[in-house]
Amino acid sequence: MGCTALALALTGTTAEAHPRSLARETLGAGDGWASYGTGTGGGAAATPDHVYTVANWADFKAALVAAGTAPKVIRIKGTIDANAEGCDSFSAPGYDFAQYLATYDPAVWGYDQNLDNEPADSPEGLRRVSAANQNTAIKAFVPANTTIIGIGKNAGFKGASLQITAVDNVIVRNLAFESPLDCFPQWDPTDGDTGNWNSEYDSAVIYGSTHVWLDHNTFTDGDHPDSSLPTYYGRIFEQHDGELDIVKGADYVTASWNVFSDHDKTILIGNSDSASTAAVDRGHLKVTLHHNLFANLVERAPRVRFGQVDSYNNHFVAEPGYGYSYGIGLESQLVAEHNAFTIPAGISEATILKKWSEAPLTADDNYVNGELTDLIAVHNAGVPTEILQSGAGWTPTLRTKIDPARAVPYVVDHNAGAGRLR
């Protein structure tokens with residue numbers, strides 16, 4: 001047994017939680033889509049030697065692979081930084097960002113050709129190697145039958161991307177996620193009329209997995225909001241992707257009592273309209289969002305394709321720069337009920353909904369600034385070129401307590417997010 005494994009085993013033994021502790025909690029019956037069928041228990045059945053307390057990235061990744069898919073609980077102590085050594089630690093030998101900028105400057109390169117065919121020894125080729133190094137370093141793959149939970153009020157991750165990929169039965173609770181910065185965004189001259197910087201890495205990705213419960217977490221851009229990012233070639237040097245992606249046939253997900261704030265592209269449910277994606281996603285992507293706070297976001301809270309998504313008792317707080325909350329995409333079946341929206345003067349309530357494709361939705365008993373509002377009617381009146389139809393075609397049944405929509409701002413704002421789990 002190596003030193004790390006030994007340390008983990010000893011920590012697991014000494015930090016064994018009491019059977020009734022938060023680390024052993026399972027998702028309650030009827031609490032959203034993740035309670036469907038077998039339900040979601042994460043690592044609640046873990047034996048004492050499969051309970052780990054970790055405080056650094058290396059030990060966290062070691063705990064994930066320890067004991068395979070046997071039930072496990074991983075307790076996070078403090079803030080774990082997946083990029084503690086900085087972006088330079090991922091750079092390929094010879095990579096020079098100044099040279100990259102000089103080589104692909106639109107005044108030199110133009111806008112007609114992308115960089116896909118650049119050779120390995122080019123600035124783009126070296127960027128690709130550097131990006132691959134970061135990809136390996138900051139992604140952590142969560143196995144089946146796992147609970148990851150923060151200890152106390154100040155636990156979480158910086159610069160990390162949790163990958164919940166092709167597994168079943170995972171719980172993630174009481175953690176603050178600061179969005180990972182892509183150290184090596186790619187310049188695409190052909191993206192739009194004047195090119196764009198494109199980035200990778202979501203704080204959490206649920207990819208082809210089932211029975212996942214995300215509860216009392218906080219997702220933000222932390223110390224690196226988009227406003228702090230530089231501009232090159234006249235475009236923002238975009239280093240953030242999403243906060244949460246639920247894609248590729250993922251199913252039976254409940255996200256409850258989380259805070260999603262200070263971000264652009266927030267939650268994506270279904271990542272493409274393509275025929276190949278439709279073949280995987282159609283009939284899946286069943287997701288419940290309840291009692292979440294969505295504050296100071298630009299868009300995608302969430303953007304939905306294909307899925308049966310139940311969104312109730314959430315509080316949406318718009319600020320300048322707001323784009324929309326619900327994105328209505330291909331074959332989506334969104335039910336949005338009993339939600340509250342706080343919108344300042346100058347932002348139209350017609351923009352709460354955004355139509356991307358023809359897909360009816362149900363939107364009842366929603367309040368905007370304390371007033372009962374028909375979201376579909378105000379959208380259609382304000383955006384007559386994008387008429388939405390009413391009636392998602394299904395009725396959610398997997399709900400526990402439904403709070404009055406007028407009470408949602410108080411209930412959610414005082415109880416959602418990391419550090420408030422009790």
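P396 is found in the loop between α7 (375–382) and α8 (408–413). Helices here are DSSP runs (H or I, at least four residues), numbered from the N terminus. This is a predicted model: local features need pLDDT of at least 70, side-chain atom pairs count only at pLDDT 80 or more, and totals for chains, interfaces and linings use all residues. Residues are numbered from 1 along each chain as its sequence is written, and side-chain values use heavy atoms, with hydrogens and water left out.

Stay with P396. Its relative accessible area is 13%, so P396 is buried. Buried means under 20% relative accessible area, exposed over 50%, and partly exposed in between (1.4 Å probe, protein chains only). Leaving aside neighbours within four places in sequence, P396 is in contact with D310 and V335. Contact means heavy atoms within 4.5 Å. I80 is 316 residues from P396 in sequence. In space the two are 37 Å apart, C-alpha to C-alpha.

Now the aromatic rings. The structure holds 30 aromatic pairs. Rings of Phe, Tyr and Trp (its six-membered ring) pair if their centres lie within 6.5 Å; planes under 30 degrees apart count as stacked, over 60 as edge-to-face and the rest as tilted. W57 and F60 form a tilted pair, 5.6 Å centre to centre with 35 degrees between the planes. Both lie in helix α2 (residues 57–65), three residues apart, about one turn of the helix. W57 and F60 are both buried. Y232 and F237 have ring centres 5.2 Å apart and planes at 85 degrees, so this pair is edge-to-face. Y232 is partly exposed, at 26% relative accessible area. F237, at 7% relative accessibility, is buried. W57 and F60 also belong to one aromatic cluster, with F157, F177, F219, F260, F294, F316, Y326 and F341.

Next, a helix pair. The axes of α3 (residues 97–104) and α5 (residues 123–138) come within 9 Å and cross at roughly 135 degrees. That makes α3 oblique to α5. Axes are lines fitted to C-alpha atoms, for helices over the stretch in contact, and angles run from 0 to 180 degrees between N-to-C directions. Angles under 35 degrees count as roughly parallel, over 145 as roughly antiparallel, 65 to 115 as roughly perpendicular and the rest as oblique. Q99, Y100, T103 and Y104 in α3 meet P123, E124 and R127 in α5. By class, this contact has three nonpolar, two polar and two charged residues. Ala, Val, Leu, Ile, Met, Phe, Trp, Tyr, Cys and Pro count as nonpolar, Asp, Glu, Lys and Arg as charged, and the others, Gly among them, as polar.

Technical notes:
Helix = DSSP H or I, 4+ residues; strand = E, 2+ residues; numbered from the N terminus.
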